[in-house]
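Let's work through a few exercises together. Take a look at the sequence and the structure first, then follow each solution step by step.

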Amino acid sequence: MKKFVIFIGCLILVLIAGCSGANSLQVKLSTPKTFTPGKAFPMLIKILDKQGKPVKGAKVSAELNMKNMDHGTIPVSIEETGDGKYIGIANISMNGDWVADIKVDNNGKTEEVEKQFTVAALTKENAHRVTKQVALPEFKLIDENGKLVTKQDLLGKTVAMTFTYVNCDDPNACPILLGNFSNLQQDIKSKGINSNNILLVSISIDPKNDTPAKLKEHAKKMKFDTSYLKMLTGEMTEIKKLSNTLGEHFEKKGSEVIHDNKTFIFNPDGQLTHEFSGSYIDRDELFQVVTGSSK
């Protein structure tokens, strides 16, 4: 019995030693979802020890191969940037699934890991595609005509949504965000695109002042085609349901509302597909993402 206990104890020690050796480092790889042919493809390799502390001064090398295909090996040039972070640069030329073979030499020990990632060539349509799973939440707001609008009214259409307010004095914020919608409507009309399955939505982040009447006047001033554009207002709790879901932050300071300048695109199922950050949006990109057509 004593020998059996000793045997089990030794076995446990061996297993612990083996596991600790196999997992002495945590290697994490982050890459963009798209690449531009002919331009450098960056990747971030982060290395941590067993305690989660950054590993500095390691010698890191890597090479890329396409998964399940033999198209040769692509070398990766790697440079340490500090805090356990190592930046790799490679030249990617094909869409598909890739495997990164990463070797880490640290304190006389060498560890090798494989990390997989998928990339596609950058196009106007996929440049702002999101990878997170976000769906329109349930909400109840009213449009510029005082009509109730809910999530159900947005389903079945490609929806472009932004957050603005009428009294915005920042020339680089709301006027530009709504100007993007104006340009988009002009392009849809000039290209003969059917707008029946498209809906543009601006949600007020100053609902106390943005009454339906004011929104209607503003839409008229912007010369919007309101047959497929809605300017919504309502209870702040309902507006927050949308902004919180999408990560759109805003805060009222006096008469001014400080906010993110973002535009969100949803598919007919109400799933977020693209997110444009910043008020200035490439006109062609927005047109292609919303309509699925090139100008």
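**Exercise 1: A buried serine**

The side chains of Ser-202 and Thr-164 make a polar contact at 2.6 Å. Such a contact is a pair of N or O atoms within 3.5 Å; within protein, one must be able to donate a hydrogen and the other to accept it, and residues adjacent in sequence count only if both atoms are side-chain atoms. Before going on, note that this is a predicted model, where local features need pLDDT of at least 70, side-chain atom pairs count only at pLDDT 80 or more, and totals for chains, interfaces and linings use all residues. Residues are numbered from 1 along each chain as its sequence is written, and side-chain values use heavy atoms, leaving out hydrogens and water.

Task: Decide whether Ser-202 is buried or exposed.

Solution:
- Step 1. Recall the cut-offs: buried is under 20% relative accessible area, exposed over 50%, partly exposed in between (1.4 Å probe, protein chains only).
- Step 2. Ser-202 has 3% relative accessibility, so it counts as buried.

**Exercise 2: A hairpin**

Task: Describe how β16 and β17 are joined.

Solution:
- Step 1. Strands are DSSP runs (E, at least two residues), numbered from the N terminus, and two of them pair if DSSP finds at least two bridges between them.
- Step 2. β16 and β17 run antiparallel, with five bridges joining them.
- Step 3. Thr-263 stands opposite Phe-276 in β17.
- Step 4. The two strands, β16 and β17, form a hairpin with five residues between them, and Gly-270 in the turn has a positive phi of about 80°.
- Step 5. Five of the six residues of β17 are buried, so this strand is largely enclosed by the rest of the structure.

Methods
Helix = DSSP H or I, 4+ residues; strand = E, 2+ residues; numbered from the N terminus.
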